[in-house]
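Subject: Handover of a structure and its findings

Dear colleague,

Please find the structure below, followed by an account of what was found in it.

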Amino acid sequence: VSDWTRGYSTDITYTAGYYPSLNPALHCFALLTAGWRPPTLDRDFTYAELGCGHGTSVLIHAAAAAPARFFANDFMPAHIATVEMHAREAGLTTLALSDAPFAAYADAALPPLDAVVLHGVWSWVDETSRDDLLRFLRRHLKPGGYVYVSYNALPGWAPILPLRELLRGGEGDDSGQRARAGVAFAERLYDADARWFAGNEPARIMLERLRRLPGNYLAHEYMNDAWRLLYHHDVVRELQAAQMTFATSAALRDKLDDLLLTEEQQALLDEIPAGPRRELARDFCLNPLLRRDLFLRDGVRLHATEQARRLNETSFVLLVPRSRVELRLAGPIGTVTLPHEVHAPILDLLRDGPCSLAAIRARLGLQEDLATTVRTLELLVGAELIAPCLPTAGLAARRETTTRLNDHVLQGALAESGLDVLASPVTGGGVRLDRVERLFLLGVRRNAPDLAAFAWRILQGKAATANDPPPLVLRDGGQRFLSEMLPLLQQLAIA
Ligand SMILES: C[S@@+](CC[C@H](N)C(=O)[O-])C[C@H]1O[C@@H](n2cnc3c(N)ncnc32)[C@H](O)[C@@H]1O
């Protein structure tokens, strides 16, 4: 292990995933619903993603929140080169990138920051790197600013931990191959009825998951020397060193998980005042593998009337065509069914476009208290069926930057390469489209008279002829795209 890596696996690059949970608009919504004053997402907003990997998330979020300024670092130059290339091609000037390690980035000249995100970092780097990160927070985060931290959670990980030993014992030319060999060996043990797997359902589920993951994901997740499992209270204690206080969970999905608590569990949790002990009890009840927490520096509590005013002004938009919405949702820890009579009217209303919370309540004649409606909306946000909107002021400027980035993304679909996420200036986040959908959207942009023929020609890699018409499934797909997806993409200002 060479010194600069600090035991982190750097021999192969990471996967280029997009993480909606890093969208600052969602963080601000989570803080607001928890009663905290969130930073204002306007042109003065500043955000840094540390250890950004290939940077897909920060690219999307920077484009969708322009002219707010975004910063990101990662010490693997190949990662930064990818995101730099996309930013250049998209003409994105509000994202500043660095391949400095955390130690040097902590001393970089940056403006005071409203937000810092650490996704897939806190559990995965050594103590010296964590000290550098704390120094970064102490030096750069504004009072009232927040940090998002995700980490491998206890007790959820406890029964699975030994699997990592098998991964790290694998052989191969690089850490990806070694991890894959380790998974194959774990499968052989499983097939040989090794007793550790008997009665260890979480380990069996994890092995099933691991066998489907690519080597470069496994390398960065499991092969580092430093790799820790943390209780929530461990992270609370560690972040105190940077004067950070736990504010709320950033995983809006947790609100859904609450539906999985039994009445007895809920009553038990209600006995415990908010704080680490209650979070611990909740983690025992729900057993998550990953926690995503928001911490504030000098957080300010909002007065209830101010909180209500801001919530009432917040607009919401659909993220999925209404016709495709399923109220039965499969989550990591079970299936949740959202009550139809509560959620369907809101989803129906949003079919016509974004609508503020106050307008939703007025138009549906809701008599319930505000907190009840907010809870319903939180569930729909957690299920990624709807999203809170950024303020409409600034939409035109944001739309310019997202249109340039989205043009670049759609251009990539021609060559079956590049990104599969488009940025929405309405939500500040990304929407994933498969390649065929991206080609349909490109066809719409180019006023192609026949979307299926347009996509088919590109997929075939040659000029389509009258004798080579698109298959029926592509024709149907084109029709559905026009009737279901395109109106949604228009509401999200992507089309
Ligand atoms: C598990 S990956 C997560 C990447 C990204 N945040 C994501 O969630 O997709 C951790 C990232 O941190 C970077 N990293 C690890 N140690 C670092 C350090 N000391 N300085 C800068 N980057 C580091 C790695 O190169 C890697 O891209």
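Which of the 19 residues around the ligand come nearest? They are Tyr-8, Gly-51, Asp-74, Phe-102 and His-119, where a residue counts as near a molecule or strand if one of its heavy atoms lies within 4 Å of it.

Before the details, a note on the basis of these values. This is a predicted model, in which local features need pLDDT of at least 70 and side-chain atom pairs count only at pLDDT 80 or more, while totals for chains, interfaces and linings use all residues. Residues are numbered from 1 along each chain as its sequence is written, and side-chain values use heavy atoms, with hydrogens and water left out.

The ligand

Asp-74 places a polar side-chain atom 2.5 Å from an oxygen atom of the ligand. Phe-102 has a backbone N or O atom 3.0 Å from a nitrogen atom of the ligand, and for His-119 a backbone N or O atom lies 2.7 Å from a ligand nitrogen atom. The ligand exposes 590 Å² when taken alone, and the protein buries 97% of that (accessible areas come from the Shrake-Rupley method with a 1.4 Å probe; for residues, only the protein chains shown count as cover). The shell around the ligand comprises 9 nonpolar, 8 polar and 2 charged residues (Ala, Val, Leu, Ile, Met, Phe, Trp, Tyr, Cys and Pro count as nonpolar, Asp, Glu, Lys and Arg as charged, and the others, Gly among them, as polar).

The second largest pocket

Grid points are joined across faces, edges and corners, and a volume is the space filled by probe spheres set on the points.

The second largest pocket has a volume of about 940 Å³. It is lined by 33 residues, of which Thr-248, Ser-249, Lys-255, Arg-278 and Glu-279 are the closest to its centre. Elements giving two or more residues to this lining include α10 (232-240), β6 (244-249), α11 (253-257) and α13 (276-286). Helices (H or I, at least four residues) and strands (E, at least two) are DSSP runs, numbered from the N terminus. Strand β6 gives the most, with 6 residues. By class, the pocket lining has 14 nonpolar, 9 polar and 10 charged residues.

The cavity

How many cavities of 30 Å³ or more does a search of the whole structure find? The search finds 1. The largest cavity has a volume of about 80 Å³. Among its 12 lining residues, Asp-254, Arg-282, Pro-288, Leu-290 and Arg-291 are the closest to the centre. Two or more residues each come from α11, α13 and β7 (290-297), and β7 gives the most, with 4 residues. The cavity lining has 4 nonpolar, 1 polar and 7 charged residues.

Backbone features

A cis peptide bond joins Ala-66 and Pro-67, with omega about 5 degrees; Pro-67 lies in the loop between α2 (56-64) and β2 (69-73). Another cis peptide bond joins Leu-154 and Pro-155, with omega about 10 degrees.

Yours sincerely

Methods. 1 Å grid on protein atoms, 1.4 Å probe; cavity = no way out; pocket = protein on both sides within 12 Å on 5 of 7 lines; lining within 4 Å. Polar contact = N/O pair within 3.5 Å; in protein donor to acceptor, adjacent residues only side chain to side chain.
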